[in-house]
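I opened my notebook to look up a few things in one protein model.

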Amino acid sequence: MSFHIIGTGMYVPPKVVTNHDLEQLVDTNDEWIMQRVGVKQRHISENETSAEMGYKAAVSALENSNTKPEEIDMILVASVSGDTLCPSNACIIQGMLGVSCNAMDINAACSAFLYLMETAAGVFARKKAKKILVIGTERMSRILDWNDRGTCVIFGDGAGAAVLGIGDGYLDSVFHVTGGMGILDVPQPVGNSPFYTKEQYLTPFVHMKGQETFKFAVTSICSDVKELLAQNNLTIEDIAYVVPHQANKRIIDFAATKLKMPKEKFYVNIDRYGNTSAASVPIVLDEMNRKGMFKSGDLILFTAFGGGLASAASLIRWK
Ligand code: COA
């Protein structure tokens with residue numbers, strides 16, 4: 001026994017920053033960003049932490065699933081942009097909800113929502129929970145170098161959440177990690193140890209080698225999706241929709257072409273939100289759910305990749 005997704009929610013902060021706004025900050029332009037990335041605007045938090053945004057997405061998912069906070073047995077949260085390492089975002093959100101259940105963070109950068117679902121499936125399999133709240137929330141704007149035009153034009157802030165309830169909808173998943181540093185890194189701030197012999201770390205911002213990340217992304221989406229379909233004796237035609245991580249519109253288009261899959265099956269909202277890292281998959285999920293795109297019995301494929309380097313694909317049958 002695993003779970004069904006029984007409700008979804010999302011939240012983005014009110015401030016919208018357009019590509020034209022960014023032209024005032026760095027040497028860039030709307031045409032370049034639209035062509036290379038596919039982002040038109042992003043929401044940026046001025047005063048809300050990732051925990052506060054995650055809480056709002058969680059409340060929306062609880063309402064959508066008709067679940068009271070006290071019915072939740074566990075809270076799993078993913079974020080690379082929490083304001084504190086300790087307490088974890090999961091613990092902060094647990095406190096905001098006023099509940100007493102178990103709560104922990106899982107870090108798998110942009111693929112994290114799929115790692116949250118896999119972890120939740122293990123908890124359901126052990127019969128330790130009836131309902132689990134999973135949240136991806138990011139205030140990427142606090143870890144971006146706003147002088148680096150190679151990264152600051154790509155990302156955005158926001159949160160997505162889902163309530164998982166006992167069921168048999170989570171069918172299978174694949175995960176791949178090629179561990180190491182140097183391609184997509186967010187170093188922690190350096191402390192003031194008098195014992196350091198040299199400054200060992202980069203500045204605490206997103207450092208990204210764009211082209212290497214691009215190649216990794218397209219390769220991993222295609223191989224993860226093919227592997228997952230093959231091990232479930234399914235073909236592309238069996239899949240109703242793909243819920244893809246929103247890193248770059250070109251990455252999604254490349255992957256759809258390589259997989260010979262109609263682009264219409266891949267939901268895209270990066271134009272409105274940018275890449276919201278761990279929040280991107282649950283934000284897509286919530287938009288598709290609230291538009292009524294999923295029908296009972298539909299096979300939904302999730303695919304994500306990012307820092308780690310980690311990637312994953314998951315298969316769900318809609319309730
Ligand atoms: N605006 C205008 N020009 C820019 C720019 C910007 N924001 N950023 C870079 N450029 C310039 C570069 O300086 C370079 O100029 P040059 O040819 O005069 O040297 C030119 O555009 C091409 O740069 P390059 O880095 O080769 O572009 P690219 O086609 O690889 O696109 C990315 C850059 C970052 C959009 C692309 O590599 C990418 O999307 N990578 C994946 C990123 C990703 O998905 N990250 C998240 C993973 S979860």
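My entries follow, one topic at a time.

**Entry 1: the largest pocket**

I noted first that the model is predicted. Then I went to the pockets. How much space lies in the largest pocket? I found about 800 Å³. I counted 35 residues in the lining of this pocket. Closest to its centre are S79, V80, N107, V186 and Q188. I then looked up which elements give two or more residues to this lining, and they are β4 (74-78) and β9 (184-185). By class, I wrote down 19 nonpolar, twelve polar and four charged residues.

Where does the largest pocket lie? Domain 1 (2-168) and domain 2 (172-317) both give residues to its lining, so the largest pocket lies between them.

**Entry 2: the second largest pocket**

I moved on to the second largest pocket, with a volume of about 580 Å³. Its lining has 26 residues. I marked G150, I154, M208, G210 and N248 as the ones nearest the centre. Five elements were on my list for giving two or more residues each: α2 (30-36), α6 (149-152), α7 (210-231), α8 (249-258) and β12 (299-306). Which element gives the largest share? That is α7, with five residues. The lining divides into eleven nonpolar, ten polar and five charged residues.

**Entry 3: salt bridges**

Next I looked up charged pairs. Side chains of opposite charge can pair when their charged atoms come close. How many salt bridges does the count come to? I got nine.

I started with K56 and E48, which form a salt bridge with their closest N and O atoms 2.5 Å apart. Is E48 buried or exposed? E48 has 9% relative accessibility, so it counts as buried. K56 has 37% and counts as partly exposed.

I took K131 and E71 next. Their side chains meet in a salt bridge at 2.8 Å, N to O. This pair links distant parts of the chain, 60 residues apart. K131 is in strand β6 (residues 131-139), and E71 is in the loop between α3 (50-64) and β4. K131 is buried, with a relative accessible area of 18%. E71 counts as partly exposed at 31%.

Then I followed E287 and R272. Their salt bridge has its closest N and O atoms 2.9 Å apart. E287 lies in helix α10 (residues 280-290) and R272 in helix α9 (residues 270-273), so the pair ties together parts that are 15 residues apart in sequence. E287 counts as buried at 9% relative accessibility, while R272 counts as partly exposed at 29%.

I also found a network of salt bridges that links D83, R139 and R142.

**Entry 4: the nonpolar core**

I turned to the inside. In soluble globular proteins, nonpolar side chains tend to be buried together. The largest nonpolar core here has 44 residues. Which members touch the most others? They are I239, I251 and L259. The elements that give two or more residues to this core are α7, α8, β12 and β13 (310-317). With nine residues, α7 gives the most. I noted that the core draws at least three residues from each of domain 1 and domain 2.

I kept the backbone for last. Most residues other than glycine have a negative phi, and most peptide bonds are trans. I looked for exceptions.

The peptide bond from C86 to P87 is cis, with omega near 0°. P87 sits in the loop between β4 and α4 (89-97). Another cis peptide bond joins G308 and L309, with omega about -5°. L309 lies in the loop between β12 and β13.

Phi was next. N66 has a positive phi near 55° and is not a glycine. N66 is in the loop between α3 and β4. With a relative accessible area of 70%, N66 is exposed.

A109 also has a positive phi, about 45°, without being a glycine. I placed A109 in the loop between β5 (102-105) and α5 (112-125). Is A109 buried or exposed? A109 counts as buried, at 12% relative accessibility.

Methods:
Residues numbered from 1 in each chain as written. Predicted model: local features only at pLDDT ≥ 70, side-chain atom pairs only at ≥ 80, totals over all residues. Heavy atoms only, no water. 1 Å grid on protein atoms, 1.4 Å probe; cavity = no way out; pocket = protein on both sides within 12 Å on 5 of 7 lines; lining within 4 Å. Points joined across faces, edges and corners; volume = space filled by probe spheres on them. Helix = DSSP H or I, 4+ residues; strand = E, 2+ residues; numbered from the N terminus. Nonpolar A, V, L, I, M, F, W, Y, C, P; charged D, E, K, R; others polar. Domains from an automatic or database assignment. Salt bridge = Lys/Arg side-chain N within 4 Å of Asp/Glu carboxyl O. Buried < 20%, exposed > 50% of the residue type's maximum accessible area, 1.4 Å probe, protein only. Core = buried A, V, L, I, M, F, W, Y, C linked by side-chain atoms within 4.5 Å.
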